[in-house]
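Q: Please take a close look at one helix of this model, its packing against the next helix, and the aromatic residues around that contact.

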Amino acid sequence: GRGGADETKKAATVFDSSVIPPIGISAYLLRLSATFRCSDATFIAALIVVDRLLGYDGGRLPLTMRNVHRLFLGSLVVAVKYHEDLVYTNSHYAKSGGVRLREVNRLERTLLTALDFDLGVSPETYRLYEATLLNFSRSSPPEVRSPGGLGSLQKPADPALGCPHKAAAAPD
């Protein structure tokens, strides 16, 4: 594989927070949605990037409560830059995500290297993830849905999404 076990350990260390962030993943994603001002399509693309990263190096990078926030933040930063016309500075994204600028830069660099800079999403893959998210949203109780847009985007780390890689994060 690309990079091997040492690269996976480095990626795991970069994405892990020293403590479990006090903000739940649902609230965190709502905050990112409000401050990144990007499309639902870019959020879906970011989820696909997270999923690819979890499959990197034979799936040795687990999804945990210590890394889910930074994994999604880094994935959203690269997805925005790849898919959106309007892009803010990494300083803006760092403030939005509650991390330092150097952290966003490191997350972005590690993620791009791990994925060989391959951020393309086929229409078929996009439609599969979109349909899965919409189905999850419809089957969720109203309190897990966001006030607007794709309610399921609040919980991309939920194993119930049916993504190819298993999530190890505990629910909020």
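This is a predicted model: local features need pLDDT of at least 70, side-chain atom pairs count only at pLDDT 80 or more; totals for chains, interfaces and linings use all residues.

A: Y93 belongs to helix α5, where it takes part in the contact with helix α4 together with N90 and G97. On the α4 side, the residues that meet them are L73, V77, V80 and K81. By class, the residues of this contact are four nonpolar, two polar and one charged.

The axes of α4 (residues 68-83) and α5 (residues 90-97) come within 11 Å of each other and cross at roughly 145 degrees. The crossing is right-handed. For α4 itself, 16 residues at 1.5 Å a residue should span 22 Å, and the end C-alpha atoms are 22 Å apart, so the two values agree. Helix α4 is mostly covered, with 13 of its 16 residues buried.

The aromatic pairs number three. In one of them, the ring centres of F43 and F72 are 5.5 Å apart and the planes stand at 40 degrees, so this pair is tilted. F43 lies in helix α3 (residues 40-59) and F72 in α4, so the pair links distant parts of the chain, 29 residues apart. F43 is buried at 3% relative accessibility, and F72 is buried at 3% as well.

Y93 also pairs with Y88, edge-to-face, with 6.3 Å from centre to centre and 85 degrees between the planes.

Definitions and conventions. Residues are numbered from 1 along each chain as its sequence is written. Side-chain values use heavy atoms; hydrogens and water are left out. Axes are lines fitted to C-alpha atoms, for helices over the stretch in contact, and angles run from 0 to 180 degrees between N-to-C directions. Helices (H or I, at least four residues) and strands (E, at least two) are DSSP runs, numbered from the N terminus. A crossing is left-handed if the near helix is turned anticlockwise from the far one by less than a right angle, and right-handed if clockwise. Contact means heavy atoms within 4.5 Å. Ala, Val, Leu, Ile, Met, Phe, Trp, Tyr, Cys and Pro count as nonpolar, Asp, Glu, Lys and Arg as charged, and the others, Gly among them, as polar. The expected span of a helix is 1.5 Å times one less than its number of residues. Buried means under 20% relative accessible area, exposed over 50%, partly exposed in between (1.4 Å probe, protein chains only). Rings of Phe, Tyr and Trp (its six-membered ring) pair if their centres lie within 6.5 Å; planes under 30 degrees apart count as stacked, over 60 as edge-to-face and the rest as tilted.
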